[in-house]
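Work through the exercises below with the sequence and the model at hand. Each task is followed by a solution in steps.

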Amino acid sequence: MTQTPAAGVRVGVQLQPQHADYGQIRDAVRRAEDLGVDVVFNWDHFFPLFGDPDGKHFECWTMLGAWAEQTERVEIGALVTCNSYRNPDLLADMARTVDHISGGRLILGIGAGWFERDYTEYGYEFGTAGSRIADLAQAMPRIRARWAAMNPAPTRDIPVMIGGGGERKTLRVVAEHADIWHSFGDVDTLRRKSAILDEHGAAVGRDTATLVTRSVAVDGSDPDEVGDELLAAGVRLFTCSAGGPDYDLSRAAAWVRWRDERA
């Protein structure tokens, strides 16, 4: 699989909306934009994923609206929105609105969902992994149809990022609907699943090698050790994370430096 070099090399940082006061999150967003990252993500959960399970936590999309006003340059989005938590037409409207507030800087990150506590405490049906992926596949055409019907329309074709690595079902949904595919794992895993994604793309008549940007989580990875190999494997968006309350951005700074050396 060969990515188009013109797609560029970009760096994202996921600011985990947990174990922090909102003022600390707001400051981290400012520092991330000043640092030079390309994308700032949060996540779509209702409780911390690690650390104190009942620690401080904030809601995803309300926060993205605030980030849209706070920031000027970076793209913003959730890594990733849980499809199960909102009616697809409502989610399309929320995304369109944040797109306008931000002046066209939203990425709609979306996935099938997996964190059972969110479902049980907020009253959503958890179902099975298969049923949640099927729901995601059904939601995507509704989201795009709603965008096409809206007045005003989105400011641009909002990029859709789908996260997940299930080879039979999730990658099929990615092949059909995504502009960006977010994955986890080492370079060998990435190459194998990327090839499977392109097989699904051929099956649905979509050139995913060209049309779907590869994104990967690089937490704990040194860019000088793994960056060039991931780049050669087709990755164009490299995202690390930072957690509250301090939001240490040193890892993101290392990836920004690495990116700039290859500009």
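**Exercise 1. Helix 3 and helix 5**

Determine how the axes of helix 3 and helix 5 are placed relative to each other, and which residues meet.

Solution. Step 1: the axes of helix 3 (residues 88-101) and helix 5 (residues 129-149) approach to within 8 Å and cross at roughly 50°. This makes helix 3 oblique to helix 5. The classes are: under 35 degrees roughly parallel, over 145 roughly antiparallel, 65 to 115 roughly perpendicular, and the rest oblique. Axes are lines fitted to C-alpha atoms, for helices over the stretch in contact, with angles from 0 to 180 degrees between N-to-C directions. Helices (H or I, at least four residues) and strands (E, at least two) are DSSP runs, numbered from the N terminus.

The model is predicted: local features need pLDDT of at least 70, side-chain atom pairs count only at pLDDT 80 or more, and totals for chains, interfaces and linings use all residues. Residues are numbered from 1 along each chain as its sequence is written, and side-chain values use heavy atoms, with hydrogens and water left out.

Step 2: the crossing of helix 3 past helix 5 is right-handed, that is, the near helix is turned clockwise from the far one by less than a right angle.

Step 3: with contact taken as heavy atoms within 4.5 Å, helix 3 contributes Pro88, Asp89, Leu91, Ala92, Ala95 and Arg96, and helix 5 contributes Ala139, Arg142, Ile143, Arg146 and Trp147. Seven residues of this contact are nonpolar, none are polar and four are charged. Here Ala, Val, Leu, Ile, Met, Phe, Trp, Tyr, Cys and Pro count as nonpolar, Asp, Glu, Lys and Arg as charged, and the others, Gly among them, as polar.

**Exercise 2. Aromatic pairs**

Count the aromatic pairs, then classify the pair of tryptophan 43 and phenylalanine 50 and that of phenylalanine 46 and tyrosine 85.

Solution. Step 1: rings of Phe, Tyr and Trp (its six-membered ring) pair if their centres lie within 6.5 Å; planes under 30 degrees apart are stacked, over 60 edge-to-face, and the rest tilted. By this rule there are 13 aromatic pairs.

Step 2: the ring centres of tryptophan 43 and phenylalanine 50 are 6.2 Å apart and the planes stand at 80°, so this pair is edge-to-face. Buried means under 20% relative accessible area, exposed over 50%, and partly exposed in between (1.4 Å probe, protein chains only). Tryptophan 43, with 4%, is buried, whereas phenylalanine 50, with 43%, is partly exposed.

Step 3: for phenylalanine 46 and tyrosine 85 the centres are 4.7 Å apart and the planes at 35°, so the pair is tilted. It links distant parts of the chain, 39 residues apart: phenylalanine 46 is in the loop between strand 2 (39-42) and helix 2 (60-70), and tyrosine 85 in the loop between strand 4 (81-82) and helix 3. Phenylalanine 46 is buried at 13% relative accessibility, and tyrosine 85 is buried at 6%.

Step 4: ring pairs join Phe46, Phe47, Tyr85, Tyr119, Tyr122, Tyr124 and Phe126 into a cluster.

**Exercise 3. Helix 6**

Why is helix 6 described as largely enclosed by the rest of the structure?

Solution. Step 1: six of its eight residues are buried, so helix 6 is largely enclosed. The buried residues are Thr170, Leu171, Val173, Val174, Ala175 and His177.

Step 2: these buried residues pack against helix 5, strand 6 (160-163), strand 7 (180-183), helix 7 (187-204) and helix 8 (208-211).

Step 3: threonine 170, in helix 6 (residues 170-177), has 10% relative accessibility. Not counting residues up to four places away in sequence, threonine 170 touches Ile133, Gly163, Gly164 and Gly165.

**Exercise 4. Backbone details**

Find the loops that hold proline 152, proline 245, histidine 19 and tyrosine 247.

Solution. Step 1: proline 152 lies in the loop between helix 5 and strand 6, and a cis peptide bond with omega of about 0° joins asparagine 151 to proline 152.

Step 2: proline 245 is in the loop between strand 9 (235-242) and helix 10 (250-261); the peptide bond from glycine 244 to proline 245 is cis, with omega near 5°.

Step 3: tyrosine 247 is in the loop between strand 9 and helix 10. Tyrosine 247 has a positive phi, near 50°, and is buried at 0% relative accessibility.

Step 4: histidine 19 lies in the loop between strand 1 (10-15) and helix 1 (22-35), and its phi is positive, about 60°, although histidine 19 is not a glycine.
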